[in-house]
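Visitor: I have a structure to look at and would like to learn how to read it. Could you take me through some of its features, one at a time?

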Amino acid sequence: AQKARSNKTAAGFALGLQDAIEGQVVTRFPPEPSGYLHIGHAKAAILNQYFARMYRGKLIIRFDDTNPSKERSEFEDTILEDLQLLDIHGDKITHTSDYFDQLYELAVKMIKEGKAYADDTEKEQMQKERFDGIASKHREDSVEDNLKHFEEMRQGTTEGVRWCIRAKLSVDSPNKALRDPVIYRCNLLPHHRTGDKWKIYPTYDFACPIVDSIEGVTHALRTNEYRDRNPQYLWMNKTLGMRKVNIWDFSRLNFIYTLLSKRKLHWFVDNNHVSGWDDPRFPTVRGIRRRGMTVEALTQFMLSQGPSSAVVSLEWDSIWALNKKVIDPVAPRLWALLKDKTVPVTVNGGPSTPEVKSLPRHKKNRDIGEKKTVYSSQILIEQEDAASFEDQEEVTLMDWGNAIVRSKTVDASGVVTGIVVDLHLEGDVKKTKKKITWLAAPTSEHPIPTVSLVDFDYLITKKKLEENDQFADFVTPVTEFKEEAFADVNVLDLPKGEIMQFERKGYYIYDGIKDGVREFFRIPDGKAAGIASK
Ligand code: ATP
Ligand code: MG
Ligand code: MG
């Protein structure tokens, strides 16, 4: 057997699995088809794929479909789409429900061997007994009685639905997860795959270790909130004489100002606080990808988290800063000026009829092609720049050259309404303080498109919600900020989803046309002043 091989991640530590044999590692990502994937799931999926690839093994995508109250087929399709968006490709797709027959047989076997029993103790009473380390009154019931009750459960009779099956593991272990966990429950709702066949469903605690073992999973990655349940997981397989699976814990991912539970995310959708599951304010895979998060940054980020076990709420800044490093070298540079804040400038020495030149889309990366820049003696600049100009100041018109400010017209309220400059192309662009973005004033031949620049705030106002906080009390009233801008003509060539930079404004992702206007979402870059409009 080979020893665990380890790769150094960007963060510098070794990330590897115990007892991993090249070519034989099998991992699995087990989403419940009850919602869309979020960034926490992305961590689990990315780590599972990473290890499968690292050891040239296999990755199973397993739909963990043991609760018909929450699950729907449509969520299987959307989860598969989410995985595509993460560049996660399983070697095999399976379902826990594929094993319902086997799981049932194994539960019967456990009952017959005296390792499980039927219980009808009320939920609260059961919790209390478990907490106090007291045995259920049914713990010593006969195998015949237990089988009889399990059969009633299987048929979903009025009597049967009152019962559950518990593993006979421990009454009073210091680890409460070992105090006779429930392994089977009744549910009369139809299952999205098995229909009415079953009225009983295995719990995650029972199904997961068994299906992992059956499917040949060698390494089960689990969030460390399950750490207390690891001995229970191992017990199931040992008790049933099944192959042992290695458990690898990783920390659950949380972010400040962010809710990651499917139930809460459902609430935001249902109450129209977001436009849907792919809303760019949402921590869903769809949401963050639509906001301009790259798979590369996500992957780097998740691997840099490594096996650390602290459960903390992370800052979004660090992942967006990583994303910025990924996009900066490849994001084409275009220009935009806030629409109601433009100032006309006459450029003496500029072409009297507009001229078009081809320039690189990125000065340091010629591979990403060229863009058109229109030159004219009539241009627009932004009010803020115009207001800062001193009389006779030499400034740089980016991608053009220097110009000297000759006159400036200001209205009664102090707003600059016009500027005249003389081109001074011999001037040294390295010596000016101000490098200005500008656009040739529109003509019928060279119109300038209007675009919408959109920025977002966190959906909730509190960094970290406490146990007793009602999240609905902390909904940020306004979370979307839109500004209209004039943009250079190259925006018309962008495909939907392209990531680019409006120079001196920030990184944006083109989201398509809404109400006739091209919409660009600001991509956070990890700098504290993320919300431009605040
Ligand atoms: P819910 O979001 O409703 O609480 P869940 O988190 O249990 O559900 P599953 O679909 O069962 O969602 O999760 C699939 C996998 O993703 C599991 O292996 C789970 O441990 C992992 N996972 C879920 N949330 C996170 C998270 N915040 N951080 C890391 N991994 C997570
Ligand atoms: Mg779950
Ligand atoms: Mg979750």
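Visitor: Is histidine 149 buried or exposed?

Guide: A residue is called buried under 20% relative accessible area, exposed over 50% and partly exposed in between, judged with a 1.4 Å probe and with protein chains only as cover. Histidine 149 has a relative accessible area of 8%, so this residue is buried. Bear in mind that this is a predicted model, in which local features need pLDDT of at least 70 and side-chain atom pairs count only at pLDDT 80 or more, while totals for chains, interfaces and linings use all residues. Residues are numbered from 1 along each chain as its sequence is written, chains are lettered from A and ligands numbered from 1 in the order in which they are written, and side-chain values use heavy atoms, with hydrogens and water left out.

Visitor: Where does histidine 149 lie, and what does histidine 149 touch?

Guide: Helices (H or I, at least four residues) and strands (E, at least two) are DSSP runs numbered from the N terminus, and histidine 149 belongs to helix H5, residues 143–155. Contact means heavy atoms within 4.5 Å; leaving aside residues up to four places away in sequence, histidine 149 touches Ala118, Glu159 and Trp163.

Visitor: Is leucine 86 buried or exposed, and what does leucine 86 touch?

Guide: With a relative accessible area of 2%, leucine 86 is buried, although its place is in the loop between helix H2 (73–85) and strand S5 (92–95). Not counting residues up to four places away in sequence, leucine 86 touches Ala42, Val285, Val295 and Leu298.

Visitor: Is asparagine 272 buried or exposed?

Guide: Asparagine 272 is exposed, with a relative accessible area of 65%, and is found in the loop between helix H8 (262–270) and helix H9 (285–290).

Visitor: Which residues come nearest to ligand 1?

Guide: A residue is near a molecule if one of its heavy atoms lies within 4 Å of it. There are 14 residues around ligand 1, of which Glu32, Gly40, His41, Leu253 and Lys262 come nearest, and helix H1 (residues 39–54) gives the most to this shell, with three residues.

Visitor: Which polar side-chain atoms lie by an oxygen atom of ligand 1?

Guide: A polar contact is a pair of N or O atoms within 3.5 Å; within protein, one must be able to donate a hydrogen and the other to accept it, and residues adjacent in sequence count only if both atoms are side-chain atoms. A polar side-chain atom of histidine 41 lies 3.1 Å from an oxygen atom of ligand 1, and one of lysine 262 lies 3.0 Å from an oxygen atom of the ligand.

Visitor: In what order do the seven strands of the open sheet come?

Guide: Strands of a sheet pair through backbone hydrogen bonds, either parallel or antiparallel. Two strands count as paired if DSSP finds at least two bridges between them. Here the order is S14-S27-S28-S29-S25-S26-S15, and the pairing is mixed. Strands S14 (333–334) and S15 (336–338) stand at the edges with a single partner strand each, so one side of each is left without a neighbour in the sheet.

Visitor: In what sense do S27 and S28 pair?

Guide: S27 and strand S28 (residues 506–514) pair in the antiparallel sense over four bridges, with tyrosine 508 in S28 as the bridge partner of methionine 500. By contrast, S14 and S27 pair in the parallel sense over two bridges, where leucine 334 stands opposite phenylalanine 502 in S27.
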